[in-house]
Protein chains: 2
Amino acid sequence: MIASAPGKVIVFGEHSVVYGKHAVVSAIDLRCYVKAEKSGEVRITSSFGTTGYDFAGKHAYISHAIRRFSEVCEVGGVEVEVRSDIPPASGLGSSAAVTVATLGALNAEFNAGLGREEIFELARKVELDVQGIGSGTDPFVSTFGGSWVLPEKRRFHTDLEFEVIDSGETSVTAEMVRRVRELRDAYPDVILPVLDAMDAIAVRGAEALERNDIAEVSRLFRMNQSLLRAIGVSTPEIDRIVARVEEAGYSAKITGAGGGGCVLTTGMGEMRISLSAEGVRVEDFEDWGSADN
Amino acid sequence: MIASAPGKVIVFGEHSVVYGKHAVVSAIDLRCYVKAEKSGEVRITSSFGTTGYDFAGKHAYISHAIRRFSEVCEVGGVEVEVRSDIPPASGLGSSAAVTVATLGALNAEFNAGLGREEIFELARKVELDVQGIGSGTDPFVSTFGGSWVLPEKRRFHTDLEFEVIDSGETSVTAEMVRRVRELRDAYPDVILPVLDAMDAIAVRGAEALERNDIAEVSRLFRMNQSLLRAIGVSTPEIDRIVARVEEAGYSAKITGAGGGGCVLTTGMGEMRISLSAEGVRVEDFEDWGSADN
């Protein structure tokens, strides 16, 4: 069976959400597709190659997803194949999407009958298995789809669209989350107020998105990006992208963990994304021939 | 008589100091020289040209300084001539230096017997006359010289030197102070915590300067620059300068009001500056022939 799950953008509140602050996140119209077929062994195929269980390597999320799933449902063996629209390590939630899509495909293939809440709980465990720390945001959005204010999980709608520029630099979430934690521990008097300011931006940002107020979103993007820079998750390359976008009258910010990855903009982007995409779902095609990617 | 007064750098805490937060400022080895000679009329000559009283134009600070001085000491008329090492509108305190040097020269020429405290008070009034608002920091440092933690006015010493890059853009203090106030009024929940974070950086910065810890100063520069960007006083050009300096392993921040002006760096600069220069003083040369500029 084939299942798919969406990538996400964090529109406001990346990093601060780890410390209980508000964030605004949305599923996007880029998806990861996973086919699971019962087999005598575990075999994982993606654009990174083919492996068996590979807990510490290129198939860490998928391997942990199979293991976590097998705790609730007997899995003799399975062949898993991945096709993803979501650029990896870009801050667009590719890891969570492949995790959730894998769980969705296993759930369908093995008739486990898990609901979305249970899929989310397993995906959340996989995130912790691989990263050690993490907010649970990405698995949540990839599982349920839509646009959300966290941590209260208030669903909302916006008609605004955004654009994305890939910095070309790799973003490693666990590493960036760790660095911010170290910075907070070393400079609490500086970083804690910055996290508070990010919280206020996220609350205002959700309101601005809901009333489709792009001018206000743009102002909040600028402030949020500067604060992300203050906590050490921007790069000189991203700073230059942001300067170029701002000179053209738009605004831009990191989306996701930073240190590279994608920049979310109100214009001048390489790729347009729409928000509020559907969460994990079983696809009604049986093989890749019908997939739209 | 000729008097001179130094320019200044704000090492930490520009803008936040307006709201009662800590700042670290130092007089630098770039000076403004002013010659005052009794005359039948008021005549002001600088690189901007020659005028009489010119309260709203290019000699606003000098004109207000003569007027404020004449409130405490009869001035029939005076010829004032200015030669300054300090680039104007660069965030290096050229306005305060010309004000303080003018007051120092008038004090000497008219034997008014004012002490530094009284010169500072007059210079502070001139700043408000011209700008409407202002922290009093620049006149204070230009008058007394040295390195200081504000607002407690604790004098300290550092052996660290810095470099300066001129962004080529004009910085207008009053305009930038007004913009930050508007931003604070519109987004208090975002900006007030940012000002608190700047305060913590300034307190840490003074300690790091005192123990000549350039690595720590560099880390604090990065954070402070990001927060200055958050309150809207950076520019795309400054962002690119900062990115270039950071890529070379140094760090950089706006010094002064921003929106242009000079960038203070730990390396890659166009001009080296030393700190803790002497405050306002009467020069022992009688004419420009002996001035070292």
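Reply: Start with A:Arg229, which makes a salt bridge with B:Glu246. In this predicted model, the closest N and O atoms of that pair sit 3.1 Å apart. Side chains of opposite charge can pair when their charged atoms come close. That bridge runs from one chain to the other, and the count of salt bridges between chain B and chain A is six. If you look at polar contacts instead, you get 16 residue pairs between the two chains, with both partners at pLDDT 80 or more.

Which parts of chain B do the touching? Four helices of chain B each supply at least two residues to the side that touches chain A: α5 (173-186), α6 (188-210), α7 (214-230) and α8 (236-247). The biggest giver is α6(B), with 11 residues. Sort that side of chain B by class and you find 18 nonpolar, two polar and 11 charged residues.

Now for the whole contact. It takes 31 residues from chain A and 31 residues from chain B. Between them the two chains bury about 2500 Å², and 60% of that is on carbon and sulfur atoms. On the chain B side, the residues that lose the most area to chain A are B:Tyr187, B:Met223 and B:Arg229, which together make up 25% of what that side buries.

Rolling a probe the size of a water molecule over the atoms shows where empty space is left. The structure holds one cavity of 30 Å³ or more, and the volume of the largest cavity is about 70 Å³. What lines the largest cavity? From chain A you have A:Gln225, A:Arg229, A:Asp239 and A:Val242, and from chain B you have B:Gln225, B:Arg229, B:Asp239 and B:Val242. The elements that give two or more residues to the lining are α7 (214-230) and α8 (236-247) of chain A, along with α7 and α8 of chain B. By class, the lining splits into two nonpolar, two polar and four charged residues.

To put the cross-chain bridges in context, the structure holds 56 salt bridges over all chains. One of them sits within chain A, where the side chains of A:Lys253 and A:Glu14 meet at 2.9 Å, N to O. A:Lys253 is in strand β9 (residues 252-254) of chain A, while A:Glu14 is in the loop between β1 (2-12) and β2 (23-38) of chain A, so this pair ties together parts that are 239 residues apart in sequence.

One last thing to spot while you have the model open is a bit of backbone. Most residues other than glycine have a negative phi, and most peptide bonds are trans. The bond from A:Leu150 to A:Pro151, though, is cis, with omega near 0°, and the bond from B:Leu150 to B:Pro151 is cis as well. You'll find A:Pro151 in the loop between β6 (147-150) and β7 (154-156) of chain A. Leaving out residues up to four places away in sequence, A:Pro151 touches A:Gly20, A:Lys21 and A:His22.

Methods. Residues are numbered from 1 along each chain as its sequence is written. Chains are lettered from A and ligands numbered from 1 in the order in which they are written. Side-chain values use heavy atoms; hydrogens and water are left out. Contact means heavy atoms within 4.5 Å. Buried area is the accessible area (1.4 Å probe) that two parts lose on being put together, summed over both. A salt bridge is a side-chain nitrogen of Lys or Arg within 4 Å of a carboxyl oxygen of Asp or Glu. A polar contact is a pair of N or O atoms within 3.5 Å; within protein, one must be able to donate a hydrogen and the other to accept it, and residues adjacent in sequence count only if both atoms are side-chain atoms. Ala, Val, Leu, Ile, Met, Phe, Trp, Tyr, Cys and Pro count as nonpolar, Asp, Glu, Lys and Arg as charged, and the others, Gly among them, as polar. On a 1 Å grid over the protein atoms alone, a cavity is a set of points where a 1.4 Å probe fits but cannot get out, and a pocket is an open set with protein on both sides within 12 Å along at least five of seven lines; lining residues have an atom within 4 Å of a point. Grid points are joined across faces, edges and corners, and a volume is the space filled by probe spheres set on the points.
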